[in-house]
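My notes follow in the order in which I checked them.

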Amino acid sequence: MLGPFDYGLGLVGFLAEIFVVVCLVYRREFVRYLPLNFYMLCDAFVTCGLFYSVRRFGPSSLTYVYFYYYSDSLLMILMFWVIIKLYQQVFDEMKVSTQIRGAALILIAATALFSYGVVHQNRSNLTGHFVVELGQNLYFVGVVLTYLLWGAILKLRETRTRLIQLVLALGIYFSATAGTYALRNLFPGLQPSLLRWVPPIFGMWLPLAWAYTFTRIPEDARLATARLLEKHQ
Amino acid sequence: MIAALICVSSIAVFLQFFVSYCRSILASSRKVELSARVREVSGIASHDVAADDFARLLQLVRLCPERGDDQTEIRAVGTYYGLLHVLGRVARPLIPGVAAWTEQERRSCSYFAAVALDRRISYSRDLFTQQVAERL
């Protein structure tokens, strides 16, 4: 059963997503961050859909559960578009956009095939298991992609504070969610009491962190990434 | 097996991203020189900002009128400070190197709080000046 806290988290996340889009439209940066805006709008739309399916079918209905997991997987694929865009910004001067797009598409296809392969071996509980397995693997691919991007930022001595904070917020979101999915696979008993709170909290975190970045960090702000790794600052 | 691998590596990556994110917020305050006024108000005139000053500085920050634009970062740094405090306590008898690192990080958090206090004091003075000017 969903309580006021669940609805509160959903509402704050929804408002933060709308705020990010409005903020970028107001600053005339909508096109510059098009994938990010599109993701935020789709996520807000999915939140509305989830609210509708809870009211219409109930939180324990199969319709709600499948809508939750499949929309989450689709949003993850949209998120890869955001990551590709961030890669393109980092490698802007190297003119390697086509290679980045190609590599990302191959990686997504490989993830789907790998998830299918894993589930194919455990046919007894097919569909329900597949969505959780796919979610875990997609999020982990997100972790790997973001970590590689972070490595590239450090290697290329990227100094754009906004870009750095967008990537770090994304990394926190992906790693927390991938870890939660994995823990859920390892210890299913933890799901009702503890793990069910983590994805909504970090689902709220991402738009909030991005809203903070877009409102507080100017486009021309610079930060030496080496300072973030120093043992003693 | 795969789930365990994903779980361990995700937690390790999460910690690295979280520390870097908090440091990127702290970095904005590092270049700011503290005014004599805030040193006097907070009682740190004679020494550097210490790691344990954070809670006291935060209390002073809360006494000042809100600027409305620094709440999120103060909350994020507060969470980071709390986690460092716990980690430092656990690590002190076991891994002194980690304890020293947490102490250094906590000092950065305290410096951040002192900068936030300085900004809020300036804001309060501006507000006061504005009100006096309006009355005249």
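**Entry 1: a helix in chain B**

Which residues are buried in helix α3 (residues 54-63) of chain B? I looked them up and found B:Phe54, B:Leu57 and B:Val61. I note that this is a predicted model.

Next I looked down the axis of α3(B). Its buried residues fall within an arc of 70 degrees, so they line one face of the helix. I wrote a reminder beside this. An α-helix has 3.6 residues a turn, so residues three or four places apart point the same way.

Then I turned to the other side of α3(B). There I found B:Ala55, B:Gln59, B:Arg62 and B:Leu63 exposed.

What covers the buried residues of α3(B)? My list includes α2 (36-42), α4 (71-94) and α5 (96-135) of chain B.

**Entry 2: chain B as a whole**

I counted 5 helices and 0 strands in chain B. Along the sequence I read the pattern α-α-α-α-α.

I checked its radius of gyration. A compact globule of 136 residues would come near 14 Å, but chain B has 18 Å. Its C-alpha trace spans about 75 × 35 × 25 Å along the principal axes.

How much of chain B is buried? I noted 29% of its 136 residues. For contacts in chain B with a separation of 6 or more, residues 24 or more positions apart account for 78%.

I also looked up the confidence. The average pLDDT of chain B is 87, and 97% of its residues score at least 70. For the model I wrote down ipTM 0.86 and pTM 0.85.

**Entry 3: chain A as a whole**

For chain A I found 8 helices and 0 strands. The pattern along the sequence is α-α-α-α-α-α-α-α.

Why does the radius of gyration of chain A agree with a compact globule? With 233 residues, such a globule would have a value near 17 Å, and chain A has 18 Å. Its C-alpha atoms fill a box of roughly 50 × 40 × 40 Å along the principal axes.

I noted that 35% of the 233 residues of chain A count as buried. Contacts with a separation of 6 or more came next. In chain A, 71% of them join residues 24 or more positions apart.

**Entry 4: where the chains touch**

I then asked which elements of chain A take part.

**Entry 5: the nonpolar core**

I looked for the largest nonpolar core and found 76 residues in it. The residues with the most contacts inside it are A:Leu149, A:Val167, A:Ala169 and B:Ala113. Here too α6(A) gives the most, with 14 residues.

In soluble globular proteins, nonpolar side chains tend to be buried together.

What does A:Leu149 touch, leaving out residues up to four places away in sequence? I found A:Ile83, A:Leu86, A:Tyr87, A:Val90 and A:Val167.

First I noted a rule. Most residues other than glycine have a negative phi.

I found A:Arg28 in the loop between α1 (4-26) and α2 (34-57) of chain A. Its phi is near 55 degrees, a positive value in a residue other than glycine. Is A:Arg28 buried or exposed? It has 8 C-beta neighbours inside 10 Å, so it counts as exposed.

I then went to the loop between α5 and α6 of chain A, where A:Arg157 is found. A:Arg157 is not a glycine, yet it has a positive phi of about 50 degrees. With 9 C-beta neighbours inside 10 Å, A:Arg157 counts as exposed.

My last stop was A:Thr215, in helix α7 of chain A. I counted 14 C-beta neighbours inside 10 Å, so A:Thr215 is partly exposed.

How far is A:Thr215 from A:Val20? In sequence they are 195 residues apart, and in space 8.7 Å, C-alpha to C-alpha.

Notes:
Residues numbered from 1 in each chain as written. Chains lettered and ligands numbered in written order. Predicted model: local features only at pLDDT ≥ 70, side-chain atom pairs only at ≥ 80, totals over all residues. Core = buried A, V, L, I, M, F, W, Y, C linked by C-beta atoms within 7 Å. Buried ≥ 20, exposed ≤ 12 C-beta atoms within 10 Å, placed from the backbone. Helix = DSSP H or I, 4+ residues; strand = E, 2+ residues; numbered from the N terminus. Contact = placed C-beta atoms within 7 Å. Rg over C-alpha atoms; globule rule 2.2 N^0.38 Å. Arc of directions from axis to C-beta. pLDDT = per-residue confidence, 0-100.
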